[in-house]
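User: I would like to go through this model step by step, with the terms made clear as we go. Please start with the terms once the structure is shown.

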Amino acid sequence: MAGIMRERFVEVTTELLATHDRLALLTADLSAKLFAGARQEYPDRVLNLGIREQLLIGVAGGMALAGMRPIAHSFAPFLIERPFEQIKLDLNHQDVGAILVSAGASYDIAGGGRSHQSPGDVALLSTLPGWTVHVPGHADEAEAQLREAAAGDGLVYIRLSNQANERAHGLAGGGGHGFRVLRRGSAGTVVAVGPLADTVLAATGGLDVTVLYAGTVRPFDAATLRAVLADQDEARVVLVEPYLAGTSVPQVAAALSDRPHRVLGLGVGHEEVRHYGTPRQHAIAHGLGSAGLRLSIIEFLGTA
Amino acid sequence: MTEPRFEDLHGLMAAMTGDEKHTTAATSTLDVLWVLYDRVLRVDPSMAEDRDRFYLSKGHGPMAYYAVLAAKGFIDPAEFERFGAYPSPLGHHPDRVLVPGVEISSGSLGHGLPLAVGTALGLRARGLTRSRIWVLLGDGELDEGSNHEAIAYAARAGLDRLNVVVIDNDSASHGWPGGLEQRFAVEGWSTARVDAGDHDGLEKAFAAHTPGRPALVVAEVEERSTSH
């Protein structure tokens, strides 16, 4: 079933194709049916390549070399992990731009098992230069990120998920990719990434902590993190990421390299869970439910 | 200054010294590169948007490519003395960001053809239908599965501006029973096989055009590659 973010992606992309004549949309069967109408309208710019993910990225690179602005879309494991060398060479090394839009996230397809889950996508892209990585927590954020990416020419990854927050925290207080302050406190700072923000707010209820919201993690907003930590004696940072735990710990360490700090990276565990079930059950298994997060955060801060 | 001839290319290549080990791989492409740049491609250093494009997928042994680009005015042969050196734009695999006239950065096998399929689609979407594209691969390179994703799709998409040249020096470890062109023919490509040393034959094969079909030219080289 298509989630709300993916539906919005289809809707907005279809609209953008009408106004951006260099924009192209590439699929490898997954979601292709959702673009059937757009394909009829723009047969040269809406292309379904069949189940060929290496070609998906290669074609995106080749189209960009011809002056097009390609969007390539599939589920995260088939978009990022399977054709990773194509991302490195056909996009980065050719010095061209592209927009990669994934669905499925870390465990949206919980019942699909390991093959359909991609907790490592952001960590993988973090090994390459130049990528803007968006982890929208709401369909409105995904839409804004997509519109901006379509108008630009850089390398942009938009990680859609069926998990979402009630409100679009990332659109509060004007534009920009910077972190938003959701709550202020003095005992520590929790950075909530994308769809985990509402869970983090619930988990930190009554705790004296600052909660930052990150809808974009690359580039990492070191300036805002440093600013909220400026008046805290000891910099204590908890990262809560909806993908591989610790993915952005190096970014926090770099941001705070000139001052003593402690950092805890929470996220999807490194081990395979080898269970099916629901996304909620997987969140709990990885300690990403509100109770699990609260325990981890309290233990780290050493406060009750 | 007289226009460089084919006979001058070996002299240009000899200027690139060092521990380059892909000598056979380099010379196997020389005839095809020369015929393309001397007689077929509509491209010059101005790199006009509607130019023909040449993608060297088999990026190892690029000395012949650099020599031809120098002969045609894209790069300065004085650079050859620094071939492979740290500050040189000319490495053992070409980088499009560093070398004028180089359309793609290559080295890892199996990337040129998928990129060319994308470029053919992109040019078609932009209405730049005059541009034709040539991609040069080695027969061993066809082992890479990414090529087969591209071979199948290119024909289904009717990319008749797309042309593949495979240098066949029988270097695929497990061979291609029935000839490598069968892999293309079954997908609907037009195919031809030419002796790589026959410049007129190559030119004729490159000029052929079948509406609605991408084209393959197999350029046969006798000496087996010992590049690895």
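Analyst: Helices (H or I, at least four residues) and strands (E, at least two) are DSSP runs, numbered from the N terminus. This is a predicted model, in which local features need pLDDT of at least 70 and side-chain atom pairs count only at pLDDT 80 or more, while totals for chains, interfaces and linings use all residues. Residues are numbered from 1 along each chain as its sequence is written, chains are lettered from A and ligands numbered from 1 in the order in which they are written, and side-chain values use heavy atoms, with hydrogens and water left out.

User: Which helix supplies the largest share of the lining of the largest pocket?

Analyst: A pocket is, on a 1 Å grid over the protein atoms alone, an open set of points where a 1.4 Å probe fits, with protein on both sides within 12 Å along at least five of seven lines, and its lining residues have an atom within 4 Å of a point. The largest pocket is lined by 22 residues, and those nearest its centre include A:Gln163 and A:Ala283. Helix H8 (197-203) and helix H11 (279-285) of chain A each supply at least two residues of this lining. The largest share, three residues, comes from H11(A).

User: In what sense do strands S11 and S12 of chain A pair, and what is the hand of the crossover between them?

Analyst: Two strands pair if DSSP finds at least two bridges between them, and strand S11 (residues 235-244) and strand S12 (residues 261-268) of chain A do so over seven bridges, in the parallel sense. The chain passes from S11(A) through helix H10 (residues 249-255) of chain A to S12(A) in a β-α-β crossover. A crossover is right-handed if, with the strands pointing away from the viewer, the path from the first strand over the helix to the second runs clockwise.

User: Is A:Ser31 buried or exposed?

Analyst: A:Ser31 lies in the loop between strand S1 (23-27) and helix H2 (36-41) of chain A, and its phi is near 70 degrees, a positive value in a residue other than glycine. Buried means under 20% relative accessible area, exposed over 50%, and partly exposed in between (1.4 Å probe, protein chains only). Because its relative accessible area is 9%, A:Ser31 is buried.

User: What is omega for the cis peptide bond that joins A:Arg218 and A:Pro219?

Analyst: A:Pro219 is placed in the loop between strand S10 (216-218) and helix H9 (222-229) of chain A. For the cis peptide bond that joins A:Arg218 to A:Pro219, omega is about -5 degrees.
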